[in-house]
Structures are given as structure tokens and as C-alpha cells.
Amino acid sequence: MIDRLEELKLEAQSAVTSSQDKKELEQVRINYLGKKGPITEVLRGMGKLSAEERPVVGQKANEVREAIQASIDSKQAFFEEAELQEKLSAEKIDVTLPGKKVEAGSPHPLTAVVEQIEDIFVGLGFEVTEGPEVELDYYNFEMMNLPADHPARDMQDSFYVSEDTLLRTQTSPVQARTLQAAKGEGPVRIICPGKVYRRDEDDATHSHQFMQIEGLYVDKHVRMSDLKGVFDTFVKEYFGSNRAIRLRPSYFPFTEPSAEIDVNCGVCGGDGCRVCKQSGWIEVLGSGMVHPRVLEMNGFDPNVYSGFAFGMGVERFAMLKYGIDDIRHFYTNDTRFLSQFKHV
Amino acid sequence: MLVSYQWLQDYVDLSGVSPEEVAELLTRGGLEVDHIHRYHDGMDGVVVGKITDSGPHPDADKLTICQVDLGDQSSQIICGATNAPKASKVVVAKPGTVLPGNRVIEATEIRGQKSEGMICALDELGVSENLVSKEQQDLIIELPDDAEVGSDALEYLGLNDVVLEIDLTPNRSDALSMLGVAYDISALLDRPIKVPEIEHGAVRKNAIDQVSVTVEAGVDVPYYGAKIINKVTIAPSPLWMQMRLVAAGMRPVNNVVDITNYVMLETGQPLHAFDYDRFGSKEIVTRRAYAGETMTTLDEQVRTLNEEDIVITNGHTPTALAGVMGGASCEVIETTENILLEAAQFDPVRVRNTAKRTNLRSESSTRFEKGLDAQGTVQAAERAAYLLEKYAGGSVLNGIVESGEMPVFEQEVELSLGAVNTRLGTELDQKETEEILYRLGFGVEDLGDRWRISIPSRRLDINIQEDLIEEIARIYGYDRIPTTYPVSERSAGRLSNTQKLKRKARRFLEGAGLEEAITYSLTSEEKSKRFRLDEFSDDVRVLMPMSEERKVLRQSLLPQLLDSISYNKNRQNNDLALFEMGAVFLPNPGEKLPSELWHIAGAFSGNWTAAAWNKTAEPVDFYTAKGIVEGLLEQLGLTEGVTYRIAKREQLHPGQSADVLVNGQVVGFIGQLHPTFATREGLPVTYVFELRGEALLTEQDKTMRYDPLPRFPAIKRDFAVVVDAQISASEVQHVIYEAAGTWVKDVTLFDVYEGEHLEPGKKSLAYSVTFLNKERTLVDEEIAKVHETIVERLQSKLGASLRG
Ligand SMILES: [Zn+2]
């Protein structure tokens with residue numbers, strides 16, 4: 001009997017080994033371990049055995065059954081693994097095909113530049129202030145120390161909408177408005193971005209509408225050296241840490257002393273090239289110490305307060321930063337142009 | 001202002017300082033040198049030659065064969081100029097020379113005769129054609145006898161000069177002269193100034209016996225001086241003077257006119273020379289022109305004057321338009337013998353207005369407009385008299401005939417060292433500060449704790465302490481001002497709530513796939529009427545528009561945004577999604593300034609998503625635009641009270657446009673462009689929206705608390721109802737919400753069907769309704785009851801039936 005069981009085990013294991021698929025394997029299981037299988041039969045015929053033989057054969061039968069079951073399980077696992085591999089391989093895709101891309105839009109480059117500059121100045125403790133685009137002559141000119149017969153007030157150069165209102169020619173009137181609202185109490189630290197308008201024919205370098213950012217810092221004991229410090233920080237932040245500034249005397253009716261601020265040329269590094277007209281420097285903004293008359297007219301005591309003011313052209317900054325050569329690109333909104341600013 | 005480096009050396013010693021260094025010095029000192037001109041760059045081999053023999057070309061009537069001594073050799077050169085046969089000393093470009101315009105001179109043969117080089121005219125040496133005097137045009141240059149044969153001709157002519165082009169700031173009218181620039185260099189370099197010669201010979205006659213001067217309106221003409229120079233000989237001015245005028249951008253005319261221009265360039269004081277004998281009288285009367293009075297100016301134009309113009313007259317008729325241009329009737333001509341020389345001061349604003357109105361802006365008017373050095377006027381007259389004696393053979397009559405008081409300019413400004421250092425952030429000491437003030441030619445009086453500074457009359461721009469601080473800073477060097485940081489109390493900078501929300505709106509729209517556009521605020525009257533959100537009101541118009549297209553301020557953003565759609569379409573950019581944020585302008589009756597309202601607009605055309613290997617293209621439609629608006633409002637915190645209703649607006653498709661309402665107020669619209677309008681404008685099928693931005697910028701809710709996550713499950717029920725096709729989805733939704741009671745959490749419309757499986761005129765709407773009770777788990781029977789109520793209510797209110 002024992003021999004018969006041993007024989008069955010070998011027979012079954014050989015059948016497991018030669019089974020080709022899960023179905024055949026199942027058949028092997030049924031053939032050997034099923035209710036009508038030979039092992040069950042052996043167990044059924046145990047009654048005929050002696051009391052000594054019975055446990056011996058019973059144990060052997062269980063051993064054989066377990067061994068066969070183990071062989072089947074292992075073969076089953078093999079079949080399942082093979083099946084899985086086949087399935088995975090059937091599911092292989094071309095990972096180089098394009099994805100379901102989420103297409104984002106883009107900020108306008110002028111907005112991008114304004115926000116970059118706003119962020120730097122906010123970090124330096126400035127607030128962002130805005131003013132109307134249609135402005136009183138009074139704020140646009142008079143309070144900025146440009147009296148009535150000043151050449152800059154020529155009707156030919158500005159878009160007047162009535163005798164004493166015009167499309168602002170500069171963002172400077174926001175200075176006057178903010179100072180007057182502060183009622184003689186400093187500090188005032190603001191930057192004012194916005195659209196401005198001048199009666200220029202549109203061409204590659206002129207636009208009847210453009211953007212400026214005005215800035216004002218008024219407090220007790222503000223020095224010209226502070227203006228240098230603030231702009232040294234600003235320029236390094238905006239153009240890069242390897243850039244330096246230089247101040248040159250200039251003239252604006254609302255500042256005295258006045259200074260033009262140049263940044264060393266990013267193209268040639270200061271050696272001189274076509275971009276910087278061989279000078280090694282690029283003019284980026286106008287600035288100066290607030291003219292005492294401007295302080296006085298707008299309610300600040302120039303003996304107590306001093307300050308600096310500055311103004312920059314947003315288009316110019318964008319053109320310098322991104323190498324744009326025609327100012328009209330900013331206003332035609334060609335998407336081949338706009339979409340280039342996705343990542344700024 | 002064009003400044004000749006060579007000429008400058010008449011007034012200040014520039015030894016050891018190159019033109020580039022002078023340019024750098026001036027730029028850093030506040031006179032920005034924009035460009036350094038070297039007209040002669042690369043021109044080698046241009047020498048003085050002497051024509052030793054000449055004769056006609058045997059085979060060409062108009063050519064002359066010249067034998068030219070060039071010092072080290074003699075060459076045969078063929079020349080076509082009419083003055084070649086009798087010329088003596090000339091300018092020769094030897095073979096190998098490269099003349100301006102990349103013209104390479106070579107030894108050649110002209111009609112069988114060899115020609116070894118070229119005899120040059122001025123324009124061939126790079127002198128701009130409009131700076132060559134009328135007489136010199138098409139002629140070769142004839143050099144005076146003192147030109148040394150074989151020597152460098154460019155050097156002789158002064159054409160090896162370097163010219164600095166200065167971009168002057170409007171305050172520095174003092175630098176509109178060679179002397180003014182020299183004063184700055186003298187201060188910057190700390191080298192003395194050399195003043196030009198004015199001493200002329202004396203004669204027995206007095207000018208006062210020959211002419212009288214009457215000024216009628218003293219405000220217009222604060223000073224008028226006249227000198228008389230007799231017996232001049234009109235001829236070309238000396239070559240060096242001509243070349244200096246050319247360097248300064250002025251065309252030589254004759255010795256008298258050139259001298260007045262030369263002195264103007266030198267001193268900044270414009271002068272005018274009249275032909276004394278053709279002046280028409282012996283009295284000079286200045287007055288305002290009569291309305292409609294006419295005169296012929298030097299350029300042979302008849303000018304109609306008005307009462308705003310100042311004229312110089314002979315007592316009867318105008319002889320000059322003051323400060324702007326002389327009259328043709330008494331112009332200096334070839335036969336002129338006696339000169340009436342005007343040196344005057346005119347009201348700058350009047351000169352500016354007249355020059356502008358007559359379009360006669362000149363070197364002279366520009367200087368009058370900016371204001372002149374009061375003490376320089378007579379000096380300039382004397383300087384010109386000196387030169388007229390020397391270079392036109394004239395004899396200068398004694399004295400100057402004057403009217404009006406020369407304005408006394410005695411500007412004194414007080415300044416303290418403390419003020420200088422606190423304003424600049426420097427640590428200058430008394431001695432170095434005084435040193436700088438002396439270098440500038442200022443008078444310095446020590447008052448103990450401060451100085452009293454007297455300002456020279458040429459510096460009209462210095463009036464207050466700050467002006468002096470700038471002077472000190474620019475001579476000391478802006479570069480040497482230290483770099484410091486403001487010491488004031490620190491406080492956080494910030495964006496306002498509105499500015500933050502605007503940025504948020506931008507980020508949302510960009511993230512959603514729209515590109516930001518910026519368009520012009522000025523538009524045409526026709527466009528400004530389109531897409532208005534507000535009732536028609538008048539336009540805000542500019543008084544002097546530059547074109548019909550830019551005449552009034554926009555009242556909506558869309559017309560301009562559609563221009564951008566058009567622009568792109570014409571360039572085959574077809575899939576477009578643009579947005580703009582900006583101000584629109586509405587008249588504000590009773591107020592000076594219009595209302596500026598902030599709007600947001602968007603425009604979509606073409607495909608919203610492009611076709612790809614795994615999806616078909618999805619064209620934009622009404623719901624693309626609406627989805628963007630819905631998302632935007634949600635981003636801005638408007639989650640409740642937003643409704644949409646069908647609207648009729650001009651330019652929009654009547655069946656595909658909706659008003660957007662917040663709490664019952666219209667805040668904007670969404671819609672498809674009306675096909676007729678789109679076709680007329682050449683626009684593609686476009687969907688648009690425009691919103692009143694201001695209405696959307698609510699105060700940010702700083703008290704927002706999160707909604708605790710439910711502890712009990714939500715239950716979902718899907719069903720479809722059939723209703724009449726004209727019943728809107730929002731009506732159905734409204735009924736569902738009403739009937740569902742408090743447990744309804746969400747109602748989602750997931751399908752809309754109209755078609756063959758339904759009766760005509762019917763549509764099916766499929767909803768998924770989510771129920772939730774925060775307190776406990778809902779049981780099926782409860783939901784079934786609510787569901788029943790919903791169906792009943794839909795049936796009774798909208799005649800809907802459940803779709804099986
Ligand atoms: Zn460069």
C-alpha cells in the first residue's frame with residue numbers, strides 16, 4: 001500500500017510537470033486529489049487494514065497528498081506569473097507619444113515686468129499705488145513743478161480731453177496725489193505702475209501709449225546715497241547679481257539733484273558693443289532727489305523731509321530683458337509673440 | 001549740440017586728454033555725449049597737391065588733364081570739375097585711398113589718358129552735401145597758398161577733427177555754445193578757461209549817428225543793441241572757419257553770415273546781420289506784428305504774421321521775425337557794404353511760439369527759446385565786430401546803439417556744508433567744497449556757518465540751494481557718492497487687496513489657457529459704441545486726435561481685443577484665447593475727470609483644444625467662454641448669487657448670449673459674436689465675454705473657516721427627465737433644489753439629449769443628485785421619498801416626466 005502511494009506520488013508529480021496550462025493542471029488535481037481519485041480510494045480502503053498498519057498508511061497518504069498539492073501549487077504559481085507577464089507585455093505602450101498636455105496661457109510681457117518690479121519694491125518696503133489715466137493738468141504738470149509756459153506742456157505733445165484734463169503723460173501725478181493724501185506726514189514709500197500717453201506717431205521705438213513705473217521715497221533724512229543703495233539692490237535683483245549701476249547728472253523738473261541711472265551692458269559686460277552704442281552702459285531710468293518745491297507744493301516741509309523719486313519705462317525694461325526690438329509687438333498681441341512669455 | 005574737439009581747444013587746454021576721455025568726462029558731468037563722430041576714419045593718403053600744368057582732355061570736352069605735384073612725386077590726374085583748369089592748390093586722394101562710402105581710389109585710364117588719383121570736392125571727403133556752400137557745390141576744393149604741398153590735407157582742412165554730439169538736458173542752455181561746454185570741461189578738469197579776443201580797432205565815426213533803436217514793448221525785447229560795421233567785402237569766410245561751421249552742422253554762406261553764426265556757436269548769443277543800405281531807414285523799431293501783416297523771410301517764403309509775433313522793423317515794414325529769421329529785403333548779399341549787426345534778447349516764449357507756428361525752428365530760435373546769458377549779448381556783438389574787421393575787412397563804428405536795460409543778473413544763493421552732506425550722503429569738507437565752487441567759476445563768500453554763492457550770469461539754471469548741491473555733486477562725481485541704505489523705520493511693503501485679486505484673476509486666466517493682451521485705450525467713435533455694458537453716454541474724446549482710429553477713450557475692452565483676434569487671424573494664428581484687463585472711461589457729468597472702470601474681457605476662436613493622436617479637436621463654444629467666467633468668479637470668491645440669463649445685445653448672437661448677474665445685478669455678458677457682425681468685420685466665429693471687474697473684487701474674507709468633513713456617507717441618485725425643449729436647465733435645477741429639501745448636497749446635470757428617441761420639441765436632462773445628512777446615515781426609504789417629491793414637483797411645475 002505504501003508502495004502504491006509512493007508510486008501515485010511520482011505519477012502525479014510527473015503529470016504536474018507535463019501539464020501545459022492551468023486547465024490541464026486542474027485536471028491533474030482532479031485526477032489525483034479529487035473525490036474519485038486514487039488517493040481517496042486508498043484512504044477509503046483503509047478499513048481493511050490492521051490497527052498497526054492504519055496510522056502508518058494514513059500518514060503516508062497525507063504526506064503524498066500534500067506533496068502532490070505542493071507540486072500543483074508551485075506549477076499554478078508558475079502559470080499565473082507567465083500569464084501576468086504575457087498580459088503586461090500585451091499592455092505595452094509607446095511612452096514617447098505626447099501626453100494629454102494641459103496647455104496654460106501666458107502673461108503679457110509688460111504685466112510680467114511690472115509684477116517682477118512690484119515684487120522687488122514690495123520686498124524693499126514699498127506699497128503699490130495707482131492713479132487715474134485721465135488726469136488733471138494740475139497733478140500731471142503743475143504739482144510736478146512744470147508751470148504753465150513750460151515747453152513740456154505743449155498741447156501738441158499731449159492728448160488733452162479738455163482745457164485742463166489730459167491723458168496723463170507720465171505716472172508722476174500719482175506722486176502728487178499720494179503726497180497730498182499723506183498730509184505732510186512721512187514716510188511715503190510707493191511705486192505706481194500704469195499706462196501713459198503722448199502724441200507720438202507709432203513706430204519701432206515710439207508708441208502713443210506706453211507704461212511707466214513711478215517711485216517715491218519720502219521721509220526724514222533721505223540722502224542721495226540711499227537712492228544709490230536702493231537701485232544697486234534693485235538692479236542686481238532684476239538684471240542679475242553681476243550687474244552694476246552708475247549715476248549720471250541729468251535733469252527733471254521735479255527732482256534736484258537729478259540722475260540718470262545706467263546699468264552696465266549685459267551683452268558685452270561693459271566692454272562696448274552695438275547694443276550699448278560702445279559705451280558699455282545702458283540707460284535704464286531717471287531719478288533724483290525730490291525737488292523742494294514739489295515737496296512744498298504737496299504739503300511736505302522740505303526743511304524736515306527729503307526723498308528720492310524715480311521713473312522707468314516698462315517697455316524699455318522688457319525690451320532690454322528679453323531683447324525685443326520693436327515696441328509695437330507689445331500692442332498687436334500676436335500670439336506667436338505672447339505665447340513666448342509662458343515661463344516668465 | 002555738436003562740439004568740435006579741435007575748436008574746443010581754443011578755450012581750454014586739452015593736452016593729454018583724448019576725445020574719448022573728454023566725452024566720458026562730459027557724460028559723467030551731466031552733458032551726455034551721445035555719439036563720437038570721426039568722419040575721417042580710415043581715410044589715409046589725402047594730401048595737398050599743386051597743379052603745375054593743366055590742359056583739356058583730347059577726347060572729352062569736360063575733362064581737364066592736370067599735372068599735380070604731390071611733394072614726393074608728380075602725378076597726372078584727370079578731373080571733371082569746372083574750376084580745375086585755373087585751380088592751384090588742391091586736395092588729392094592718392095591711389096589706394098578709401099573715401100567715404102567705401103570708394104576706393106585706383107590708378108586708372110580715362111578715355112586713353114592715365115589718371116593716378118582723384119582731386120577732391122568737399123562732399124567726396126565726407127562732408128554732408130547740405131553743409132557744402134552753394135558756391136562750393138560740384139567744385140574741387142581750392143586751398144590757400146599756405147597749404148604745404150604733400151602734407152596731410154585733412155589735417156589742413158581740420159577734417160581730422162573729432163566731433164562730440166551732446167544730448168543736452170533742457171536746463172543746460174548754457175552749454176548751447178562752445179564756451180559753455182568749455183566752462184564745464186574747465187571745471188571738470190580743473191584747467192583755466194581762455195576767453196576769445198574781442199578788441200577791435202577804433203574809428204572816428206560813432207554808430208549812434210547812423211541809426212536809432214526804439215523798443216515798443218519792453219517785455220518782448222528786454223534789450224536790443226545794434227553795431228555798425230562799414231565797408232565790408234563779401235567773400236567766402238576763411239576755410240578753417242567754414243570747416244568749424246561744418247563740424248557744428250551749419251552750412252557756410254559768406255564771411256559776414258558765417259561770422260554771425262560762428263559767434264553764436266562760440267558764445268550762444270544769436271546775432272543777425274542786416275544790409276545797412278537796404279534796411280529801408282535809419283531807425284530800428286521793434287514791435288508786435290499786426291494781424292495779417294506779411295513779410296518775406298530769407299528763405300523767400302511770404303509769411304503771414306499775427307499779434308503774437310515780435311518783429312524788427314525799419315519803422316514801416318518788418319525786416320526780421322525776431323529771433324527766428326531775417327527778412328529777404330535787407331539780407332546780406334554779394335554787394336553789401338555796410339552791416340547793421342543786431343545783438344538782442346527776446347522773450348523766450350514768444351520766440352518759441354512764433355518759431356513753432358511758422359515751422360522755422362533754427363539754431364538761433366532754439367537758443368532764444370532757452371534764455372540767454374544777459375552779460376553775453378554785448379560781448380558777442382563785440383566779438384563779431386572784431387571778426388568782421390579781421391575777416392571781412394570792415395571798420396567798426398564806435399559804440400553800440402541800445403534800447404532797454406540789459407537785465408541785471410545777480411543771482412546769489414546761500415548754501416551750507418551741512419546741507420550738501422545731508423542731502424548727498426557724503427562727507428565733504430569745507431576746503432574741497434569751496435575748491436569745486438571756484439572751479440565752476442562761482443563767487444564764494446564765507447558767512448561763518450554757511451556761504452553766499454554768486455552765480456555767473458551764464459548759469460540761468462541755478463536758483464536754489466539744491467541746484468548748487470547738484471553742481472557740487474556732478475563736479476565731485478556722482479560715482480564718488482557712497483552707497484547707503486535708508487535708515488527710516490522699516491515696515492512691510494504690500495499689495496492692496498484689489499491688487500492681489502487682480503493678480504489672482506490673471507493667474508487663473510493664464511492657467512486656464514488664455515493669453516493676456518494689452519490694447520490701446522484710444523479707439524474710434526464707431527468702436528467705442530460696441531459692447532457697452534452701460535447705457536449709451538457720450539464719449540470722452542481727445543481734443544487733437546492723431547487719427548480717426550484713436551479719437552475717443554474706450555468704453556469697453558472687446559472692440560480692441562477683437563482687433564487683436566483679427567490681427568492674429570490674418571497671420572494664420574487661428575486658435576485664439578485672449579483676455580485683457582484694463583480701464584474703460586465713462587463721462588462723469590459734473591466732474592472734471594471721467595469715471596475709470598476696471599473691466600475684464602475675453603475672446604475665443606478656433607479650437608479650444610487641438611486635435612491630437614488620441615483626441616479630436618474641440619472647437620470653442622459658448623460653454624468654453626462660460627466655463628472660464630464661472631471659474632473666474634469662483635476664484636474671486638463669488639460662489640453664491642451668480643446667475644445667467646439669456647440676453648439680447650447688439651453684435652451678439654441672439655440665441656447664444658447671456659447676461660452674468662451677481663445678486664441680481666448685471667455684471668457682464670457672455671456670447672457668440674453675431675454672425676452678421678463677424679462677417680462684416682472679417683472675424684472668425686468668436687465667443688466673448690466682458691465683465692465689470694470692480695463688481696467682482698470683493699473684500700477678501702479673512703474669517704473663512706473650513707467645512708468639517710462628513711462622518712456619514714453621501715448617497716447619489718441618478719435620473720433623467722423629459723421636458724419641453726424651451727425650458728431652461730436653470731429652471732429645472734431650481735425646482736430640483738427646491739423639492740430636495742435640506743439634504744441635497746449637489747445637483748449635477750450630466751447629460752442633455754434631444755433627438756430621434758424623443759418626441760419633437762422635447763429634451764431629456766439627466767441629473768445626478770447627491771444627498772447628505774451630517775448627523776446620521778440616510779436610509780434608502782428616506783431618499784426614495786425625496787426622489788418622489790422631486791419628480792412630482794418637476795411634473796407639476798414644468799410638465800416633466802421621468803424618462804424610463
Ligand atoms: Zn554692450
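Glu412(B) sits in strand 26 (residues 411–415) of chain B; helices (H or I, at least four residues) and strands (E, at least two) are DSSP runs, numbered from the N terminus. Leaving aside neighbours within four places in sequence, Glu412(B) touches Arg452(B), Ile453(B) and Ser454(B), where contact means heavy atoms within 4.5 Å. Glu412(B) and Ile462(B) are 50 residues apart along the chain, and their C-alpha atoms are separated by 9.3 Å. The model is predicted, so to speak of local features takes pLDDT of at least 70 and side-chain atom pairs count only at pLDDT 80 or more, while totals for chains, interfaces and linings use all residues. Residues are numbered from 1 along each chain as its sequence is written, chains are lettered from A and ligands numbered from 1 in the order in which they are written, and side-chain values use heavy atoms, with hydrogens and water left out.

Helix 13 of chain B takes part in two helix contacts described here. Two packed helices are described by the angle between their axes and the distance between the axes. Axes here are lines fitted to C-alpha atoms, for helices over the stretch in contact, and angles run from 0 to 180 degrees between N-to-C directions. The crossing of helix 5 of chain A with helix 13 of chain B is left-handed (the near helix is turned anticlockwise from the far one by less than a right angle; clockwise would be right-handed). On the chain A side, Thr111(A), Glu115(A), Glu118(A) and Asp119(A) of helix 5 meet Arg503(B), Arg506(B) and Arg507(B) of helix 13 of chain B. The tally for this contact is no nonpolar, one polar and six charged residues, with Ala, Val, Leu, Ile, Met, Phe, Trp, Tyr, Cys and Pro counted as nonpolar, Asp, Glu, Lys and Arg as charged, and the others, Gly among them, as polar.

Within chain B, helix 13 also meets helix 16 (residues 622–635), with axes that come within 10 Å and cross at roughly 145 degrees. This crossing of helix 13 and helix 16 of chain B is right-handed. Helix 13 of chain B brings Lys504(B), Ala505(B), Phe508(B) and Leu509(B) to the contact, and helix 16 of chain B brings Ile628(B), Gly631(B), Leu632(B) and Gln635(B). By class, that works out as five nonpolar, two polar and one charged residues.

Strand 1 and strand 13 (residues 163–167) of chain B are antiparallel partners over three bridges; two strands pair if DSSP finds at least two bridges between them. Ser4(B) stands opposite Val163(B) of strand 13 of chain B.

UniProt, in an unreviewed entry, lists "domain: TRNA-binding" at residues 40–154 of chain B; UniProt positions are given in the numbering used here, feature names are shortened, and annotations may be inferred rather than shown by experiment. The span of residues 40–154 of chain B is 2% helix and 43% strand, and its end C-alpha atoms lie 8 Å apart. Strand 3 (residues 46–57) and strand 4 (residues 60–69) of chain B run antiparallel, joined by seven bridges, and the hairpin between them passes through two residues. Here His57(B) stands opposite Ala60(B). Strand 4 of chain B also pairs with strand 5 (residues 74–79) of chain B, antiparallel over six bridges, with Ile65(B) opposite Ile78(B). The hairpin of strands 4 and 5 of chain B has four residues between the strands, and Gly71(B) takes a positive phi near 90 degrees there.
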